[in-house]
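Work through the following exercises with the sequence and the model side by side.

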Amino acid sequence: GDIELAKDSFSQAWEMDKKLRKSASNLIFIYKNEGRSSKAKEIATELTRVHPLYSNGWNSLGAVALGERELDLASDALQQSHRLNPYLVSNLSNLGDLYYLQQDYEKAIYFWQETLRYDTTHQHAKQGLEAIQKNE
């Protein structure tokens with residue numbers, strides 16, 4: 001279907017031209033949603049190697065690692081993304097998730113509040129804050 005066509009297109013674009021960062025990012029997103037984390041991680045790792053200053057690439061690698069509960073890799077990648085772009089909303093939210101999983105609720109609250117500062121409708125950040133408030 002449409003997803004397979006998109007996946008093929010993004011794959012071909014990324015293989016032909018490593019400058020096409022967005023193609024790699026989209027491919028990572030598709031593989032992650034298909035539950036193919038190892039393939040997503042492989043592309044994200046390559047993306048961060050080819051484009052080490054691309055904050056979205058580091059954020060993608062961190063998100064994949066977070067989903068696999070590889071918290072050391074997630075922490076390194078998400079913090080690198082944050083150093084490169086402290087205003088990337090998806091990264092702020094992912095950092096909230098990371099600190100929540102590490103049971104550092106103070107930092108989780110901080111990053112989810114930062115997420116909402118830039119995107120007041122961010123449902124995941126709202127849900128994270130609600131989950132912490134229920135446990136207090």
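**Exercise 1.** Classify Tyr87 as buried or exposed, and then describe the aromatic pair that Tyr87 forms with Tyr118.

*Solution.* Tyr87 has a relative accessible area of 55% and is therefore exposed, given that buried means under 20%, exposed over 50% and partly exposed in between, with a 1.4 Å probe and protein chains only. The model is a predicted one, in which local features need pLDDT of at least 70 and side-chain atom pairs count only at pLDDT 80 or more, whereas totals for chains, interfaces and linings use all residues. Residues are numbered from 1 along each chain as its sequence is written, and side-chain values use heavy atoms, with hydrogens and water left out.

A search of the whole structure returns 5 aromatic pairs, where rings of Phe, Tyr and Trp (its six-membered ring) pair if their centres lie within 6.5 Å, and planes under 30 degrees apart count as stacked, over 60 as edge-to-face and the rest as tilted. In the pair of Tyr87 and Tyr118, the centres are 5.7 Å apart and the planes stand at 80°, an edge-to-face arrangement. The two residues are 31 apart in the chain, with Tyr87 in the loop between α5 (71–84) and α6 and Tyr118 in helix α7 (residues 105–118); helices here are DSSP runs of H or I with at least four residues, numbered from the N terminus. Tyr118 itself is partly exposed, at 34% relative accessibility.

**Exercise 2.** Determine which geometry the rings of Tyr100 and Trp112 adopt, and where the two residues lie.

*Solution.* The ring centres of Tyr100 and Trp112 are 5.7 Å apart and their planes meet at 40°, so this pair is tilted. Because Tyr100 belongs to helix α6 and Trp112 to helix α7, the pair ties together parts that are 12 residues apart in sequence. As for accessibility, Tyr100 is partly exposed at 25%, while Trp112 is buried at 3%. Separately, Tyr99, Tyr110 and Phe111 make up one aromatic cluster.

**Exercise 3.** Describe helix α6 by its span, its buried residues and the setting of Ser93.

*Solution.* Begin with the span: the 13 residues of α6 reach 19 Å from the first C-alpha to the last, close to the 18 Å expected at 1.5 Å a residue, the expected span being 1.5 Å times one less than the number of residues. Next, the buried residues of α6 include Leu92, Ser93, Leu95 and Leu98, and the elements that cover the buried residues include α4, α5, α7 and α8 (123–135). Then take Ser93, which is buried with a relative accessible area of 4% and, leaving aside neighbours within four places in sequence, is in contact (heavy atoms within 4.5 Å) with Trp112, Thr115, His122 and His124. Finally, just after α6, Gln103 takes a positive phi of about 60°.

**Exercise 4.** State how accessible Ile109 is and which residues Ile109 touches.

*Solution.* Ile109, found in helix α7, counts as partly exposed at 22% relative accessibility. Not counting residues up to four places away in sequence, Ile109 touches Leu129, Ile132 and Glu136.
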